[in-house]
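Colleague: Hey, can you walk me through this one? I'm still new to reading structures.

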Amino acid sequence: MKDILAPELDVLFCGINPGLSSAAVGLPFATHGSRWWPALHRSGFTPRVLAPAEADRLPTWGLGLTTMVRRPTTKAAELTQAELRTGATELTERVHTWRPRWLAVLGLNAHYPPQRLAEEFARLRRAAGLPDRSLAGPQQNPA
């Protein structure tokens, strides 16, 4: 899967690695019932719930998406320590190159209920000083 990057994003979200379903279709968080896209909207980062195929629109709102390790797996626990170390080095290089204001590392949140995940994302949005776009209405949604 490709990174969604642009220079000096407000927030770069970083997953641990792609899941098998997402990798198969080449889209992030593409599993049916993914909690990520609704949480991103409910937290105020986006003006509506985006579809995985719209991931390339994230920079419109100052957001990006990457993964630490490129190899898809069923669970992040399947990754080796060597893969994680290499991935951390590569992520550091991406952050130095693209210079996002905030890096939000995702993962280990499988036990968070959807509303709690949205609340945590909203805390990040407020800390980053970003507006609540979930209240913006359709006129604020870029074409």
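Predicted model: local features only at pLDDT ≥ 70, side-chain atom pairs only at ≥ 80, totals over all residues.

Colleague: OK, in what order do the strands of the open sheet come?

Modeller: The order is β2-β1-β3, with parallel pairing. Strands here are DSSP runs of E with at least two residues, helices are runs of H or I with at least four, and both are numbered from the N terminus. Two strands pair if DSSP finds at least two bridges between them.

Colleague: And which strands are at the edges?

Modeller: β2 (63-67) and β3 (102-105), each pairing on one side only.

Colleague: How many bridges hold β1 to β2, and how many to β3?

Modeller: β1 and β2 share 5 bridges, while 4 join β1 (residues 11-15) to β3. Take Val 11: it stands opposite Leu 63 in β2, and its bridge partner in β3 is Trp 102.

Colleague: Is β2 mostly covered or open?

Modeller: Mostly covered: 5 of its 5 residues are buried, meaning under 20% relative accessible area with a 1.4 Å probe, protein chains only (exposed is over 50%, partly exposed is in between). Leu 63, Leu 65 and Thr 67 are buried on one side, and Gly 64 and Thr 66 on the other.

Colleague: Switching topic, how many residues does α4 have?

Modeller: Helix α4 (residues 114-127) has 14. From first C-alpha to last, α4 reaches 20 Å, close to the 20 Å expected at 1.5 Å a residue. That expected span is 1.5 Å times one less than the number of residues.

Colleague: Which residues of α4 are buried?

Modeller: Leu 117, Ala 118, Phe 121, Ala 122, Leu 124 and Arg 125.

Colleague: Why are they on the same side of α4?

Modeller: Because they cover an arc of only 160° around the axis, taken from the directions from the helix axis to the C-beta atoms. Arg 123 and Arg 126, on the other side of α4, are exposed.

Colleague: What covers the buried ones?

Modeller: The cover includes β1, α2 (36-42) and β3, and contact means heavy atoms within 4.5 Å.

Methods
Residues numbered from 1 in each chain as written. Heavy atoms only, no water.
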